[in-house]
Amino acid sequence: MSSLQDPIGKYLPYVAIDLPNREWPSRRVTSPPVWCSTDLRDGNQALEQPMTVEQKTLFFRHLVKCGFKEIEIAFPSASSAEFDFVQTLIKDGEIPDDVWIQVMTPARPDLIIRTMEALAGANKAIVQFYAAGCPCFREVVYNKTEEELVDRVVQATDLLRQLADENRAKYGTKFRLCYALETFSQTEPDMALKICTAVKEAWGPGEDGPMIMCLPSTTEVAPTNHFADQIEYFCKNFKYRKDVVISLHTHNDRGTAVAASEVGLLAGADRVDGTLFGNGERSGNVDIVTLALNLFTQGIHPGLDFGNLQESIDIYTKCTQLPIHPRHPYSGSLVYTAFSGSHQDAIKKGLEKRALALANGVSPCRWDIPYLLLDPADIGRNYDALIRVNSQSGKGGIAFIIKERLGVDLPRPVQVEFYNVVQSLNEKRQKDMPTEEIIQLFRSYYYFGDSAAANARLILDTSSVSIATSPDSGSTSFRGTIVSDGKRHTIYGEGETEQIAFLSALEKPLGCYFGIRQGDERTPVSYGQTITTTFVHLGRRGPPGADAATWGVGLDREPSIARLRSVVSAVNKLLGSRHIHA
Ligand SMILES: CC(=O)SCCNC(=O)CCNC(=O)[C@H](O)C(C)(C)COP(=O)(O)OP(=O)(O)OC[C@H]1O[C@@H](n2cnc3c(N)ncnc32)[C@H](O)[C@@H]1OP(=O)(O)O
Ligand SMILES: CC(C)C(=O)C(=O)O
């Protein structure tokens, strides 16, 4: 069996930057960055099967709909499909006036020329060219000295400026340059400054807007505090800082791309490029949905619209053929679901408190629900999946489902009673119980609604019921028709309340004596109509030691009928027999 070897010597720790007065730890982000989607380039280049023109077009339209104003659409020199895609978007008028398309090229003259050809006719274009700066790339990949590398990027910038001028003259295209110092986070800080200064000076002030300096963690190799130091150091020491937009492009090799971008913004960056759901090379780019919703849950509108997140998920999965993990932040199918009892209980209480505050007109009503960072409704989800029941669940979660689906607000003892029923089934099944099944079980267990009546030994014909209260004695009389074990009886009884009168009327045909031990009636709930829910705890007198008691539930628009129904429910449970559980 293999075991993890001693890593000392094989892997080197990062070299910390001397930044004694670092400011990023105490800063706050108060407004969103400029966003750039790189789904159609970095995302696309990492797919087993890169997107077709149709898929890219669909994705592009969606990015526009989400509100991206800068969209990297292709690596035009990679293939004719990529080249043609750029031309198709331009010629078909797909690009809104306020959107800058971005394309990517290495700092190679042949590829730069081809890239600029692809932009013929564009209105607004950002050309991103890249060359890595770190020692490994200089030595291993390019075989170039620092000076030779600087020369290469300066020559590339000169060529880009010349071609941009030509395109501008021919098509009126507005051009901005983005230089991506690939492997920035592995490049010596002063080398990073040197190479970016050379590019900026070669490009000049830029006619159509500020130049962009993209500082990527091409491969994420160190903790995020180090990345933040690198960005702050660059921002403080780059002499053209005020003239450029600093952009972040973080990868997720250590699983901290989101955190790296967040601290990078604190450290002074202005722009973030990344992909929806973090698609991209290896473990991906930064997930822009997560970043944006992280801002949203701090009370800052991200300037991107993920109000219908399912649409983004559907388009993403269709175009990339990649799934979203069920536990993916904000987007996963299970991230707004609690299975465990104490989570469910807390969520239920939080939502009830919020409902009360909303009903009392509290506005704005702060979202403060245990375990739920975001209101699922904000991204277009409903509350159906909030609670799912398995053997780890408790009474609170089950009560939540019954309340949400049936409008029945169970009192605590009924919650406990029904929880025990669900729990004993769950323990046998060893898997979660779908909501529909819980509802069905509730109906049948409490002989609730028409479907449950089929199993009932006692049925009350509610249309036959007449209840009267004597003004003299104050006593209430009940008259009505029941069906007991298939036989029809017209019965009569008297008592202090309609429930007691009904119970006394039942004694003869059923041959049993029942007594009310406890009752509970809930404020009528409104589901288009006003419904009263009544709960009764009913005892049956049996032989010594064999007394039984149970809860019954009754619902009706008419409060007195709801009370009688609760008695029917409890009596049926006590009589048992024809009752069949799920
Ligand atoms: C970190 C990133 O994601 S960067 C973006 C990466 N994306 C892509 O590569 C997707 C599209 N790429 C492609 O289709 C192809 O790589 C092409 C068409 C661009 C180039 O293909 P080829 O000409 O066959 O070259 P290849 O990809 O093997 O590149 C290697 C050469 O480019 C050089 N090179 C690599 N990056 C750069 C750069 N940024 N600037 C200048 N030269 C570079 C290498 O040093 C190497 O040169 P050498 O042949 O003299 O040793
Ligand atoms: C070249 C840049 C933008 C990049 O994709 C990276 O470094 O990961």
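This briefing describes the strands, helices and ligand surroundings of one predicted model. Local features in this predicted model need pLDDT of at least 70, side-chain atom pairs count only at pLDDT 80 or more, and totals for chains, interfaces and linings use all residues. Residues are numbered from 1 along each chain as its sequence is written, while chains are lettered from A and ligands numbered from 1 in the order in which they are written. Helices (H or I, at least four residues) and strands (E, at least two) are DSSP runs, numbered from the N terminus.

**The barrel**

- Eight strands, in the order β1-β2-β3-β4-β5-β6-β7-β8, close into a barrel with parallel pairing, where two strands pair if DSSP finds at least two bridges between them.
- Strand β7 (residues 244–250) and strand β8 (residues 271–274) run parallel and are joined by two bridges, and Ser247 has Arg271 in β8 as its bridge partner.

**The open sheet and the helix across it**

- Three strands in the order β9-β10-β11 form an open sheet, and their pairing is antiparallel.
- Eight bridges pair β9 with β10 in the antiparallel sense; Leu458 stands opposite Ser484 in β10, and Thr469 has Thr476 in β10 as its bridge partner.
- The hairpin formed by β9 and β10 has six residues between the strands, and Gly474 in its turn has a positive phi of about 80 degrees.
- Strand β10 (residues 476–484) pairs with β11 over nine bridges, again in the antiparallel sense, and the partners in β11 include His489 for Ile482 and Tyr492 for Arg479.
- Two residues lie between the strands in the hairpin of β10 and β11, where Asp485 takes a positive phi near 45 degrees.
- Helix α17 (residues 498–510) lies across β9, β10 and β11 and runs at about 135 degrees to β11.

**Helix packing around α7**

- Two packed helices are described by the angle between their axes and the distance between the axes; here axes are lines fitted to C-alpha atoms, for helices over the stretch in contact, and angles run from 0 to 180 degrees between N-to-C directions.
- Helix α6 (residues 146–171) and helix α7 (residues 189–203) have axes that come within 9 Å and cross at roughly 25 degrees.
- The two helices α6 and α7 are therefore roughly parallel to each other, given that angles under 35 degrees count as roughly parallel, over 145 as roughly antiparallel, 65 to 115 as roughly perpendicular and the rest as oblique.
- The α6 and α7 crossing is right-handed; a crossing is left-handed if the near helix is turned anticlockwise from the far one by less than a right angle, and right-handed if clockwise.
- Residues making this contact include Leu149, Val150, Val153 and Arg161 of α6 and Met191, Lys194, Ile195 and Trp203 of α7, where two residues are in contact if their C-beta atoms, placed from the backbone, lie within 7 Å.
- By class, the contact of α6 with α7 has ten nonpolar, one polar and four charged residues; Ala, Val, Leu, Ile, Met, Phe, Trp, Tyr, Cys and Pro count as nonpolar, Asp, Glu, Lys and Arg as charged, and the others, Gly among them, as polar.
- The axes of α7 and helix α8 (residues 224–237) come within 10 Å and cross at roughly 45 degrees, which makes α7 oblique to α8.
- The crossing of α7 and α8 is right-handed, and its contact is made by Pro189, Ala192 and Leu193 of α7 with Gln230, Tyr233, Phe234 and Asn237 of α8.
- The residues of the contact of α7 with α8 comprise five nonpolar, two polar and no charged.

**Surroundings of the ligands**

- Around ligand 1 there are 16 residues, of which Gln45, Ala78, Pro106, Ala107 and Ala131 come nearest; a residue is near a molecule or strand if its C-beta atom, placed from the backbone, lies within 6 Å of it.
- At least two residues of the shell around ligand 1 come from each of α1 (39–45) and α5 (135–142), and the shell divides into nine nonpolar, three polar and four charged residues.
- Ligand 2 is surrounded by Asp42, Tyr130, Ala180, Glu182, Cys214, Pro216, Thr218, His249 and His251, a shell with four nonpolar, three polar and two charged residues.
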